[in-house]
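Keep the structure open while you read.

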Amino acid sequence: MTLSPGVRKTLLAVHLTASIGWIGGIIAYIVLGTTAINATDAKIILSAWIAMEVIGWIAIVPLAGASWVTGVAMALGTRWGLFRHYWVIISLAITSVALVVLLLHMPDVTTTVEFARTASAPELATLGGDLVHPTLGLILLLVVQVLNIYKPRGLTRYGRRRQRPSGSSG
């Protein structure tokens, strides 16, 4: 299946918007996590955690899902294919891992916020921020971005078979 040029461009625009938005959301989340770590005021720590939860569920999760879905659709509907090139497979694998980790991690953020809403100031001071997951996620998404820009050569076995003329044997 090949997408028409209009559909392909629309899908590409949605994919780029969602992917860049996902990265931007992570950067905002990291800023809030850093704020929670460095703050001494309990209200600021609580506010940072509440904002991380809101950004996570309302922006990052939907953008991540949209990025994954549109990326798969782009691969299936263009000459790149989903399993023809190693860079596409690697991008899909990294994006899938990042999405799964995000979906598994966000309930923990919600649990932390529920605790923080009733915690005392000294307890809030021990929460710190949430930097490991988003920082690793950001690094992974930047790797995917580089792969998608440079598209390194390398056909899979399936891609080499698909590239052969239909009458050849081998």
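**From layout to detail**

Read from the N terminus, the elements of the chain run α-α-α-α-α-α. That comes to six helices and zero strands. The model is a predicted one. Its radius of gyration is 20 Å, well over the 15 Å that the globule rule gives for 170 residues, so the chain is more spread out than a compact globule. The C-alpha trace spans about 75 × 30 × 25 Å along its principal axes.

How much of the chain is buried? Of the 170 residues, 36% count as buried. Contacts across the sequence come next. Among the contacts with a separation of 6 or more, 79% are accounted for by residues 24 or more positions apart.

Now look inside. In soluble globular proteins, nonpolar side chains tend to be buried together. The largest nonpolar core here holds 27 residues. Trp22, Ile26, Trp49, Leu102, Leu124 and Leu141 touch the most other members. Which elements give two or more residues to this core? They are α1 (5–38), α2 (42–77), α3 (86–118) and α5 (132–150). Helix α2 gives the largest share, eight residues.

Leaving out residues up to four places away in sequence, Leu102 touches Trp22, Ile60, Val61 and Ala64. Another core lies apart from the largest one. This other core has six residues, among them Leu82, Trp87, Val88 and Leu147.

Next, the empty space. Rolling a probe the size of a water molecule over the atoms shows where empty space is left. The largest pocket has a volume of about 700 Å³. Its lining is made up of 29 residues. Nearest its centre lie His15, Gly71, Trp87, Val144 and Asn148. Helices α1, α2, α3 and α5 are the elements that give two or more residues to this lining. The largest share, eight residues, comes from α1. What is the make-up of the lining by class? It has 17 nonpolar, nine polar and three charged residues.

Two single residues close the tour. Val146 is found in helix α5. Is Val146 buried or partly exposed? Its relative accessible area is 46%, so Val146 counts as partly exposed. Val146 and Trp87 are 59 residues apart in sequence, and their C-alpha atoms are 10.0 Å apart in space.

His85 lies in the loop between α2 and α3. Why does His85 count as buried? Because its relative accessible area is 14%, and buried means under 20%. Not counting residues up to four places away in sequence, His85 touches Arg79, Trp80, Gly154, Leu155 and Thr156.

How values were computed: Residues numbered from 1 in each chain as written. Predicted model: local features only at pLDDT ≥ 70, side-chain atom pairs only at ≥ 80, totals over all residues. Heavy atoms only, no water. Core = buried A, V, L, I, M, F, W, Y, C linked by side-chain atoms within 4.5 Å. Buried < 20%, exposed > 50% of the residue type's maximum accessible area, 1.4 Å probe, protein only. Helix = DSSP H or I, 4+ residues; strand = E, 2+ residues; numbered from the N terminus. Contact = heavy atoms within 4.5 Å. 1 Å grid on protein atoms, 1.4 Å probe; cavity = no way out; pocket = protein on both sides within 12 Å on 5 of 7 lines; lining within 4 Å. Points joined across faces, edges and corners; volume = space filled by probe spheres on them. Nonpolar A, V, L, I, M, F, W, Y, C, P; charged D, E, K, R; others polar. Rg over C-alpha atoms; globule rule 2.2 N^0.38 Å.
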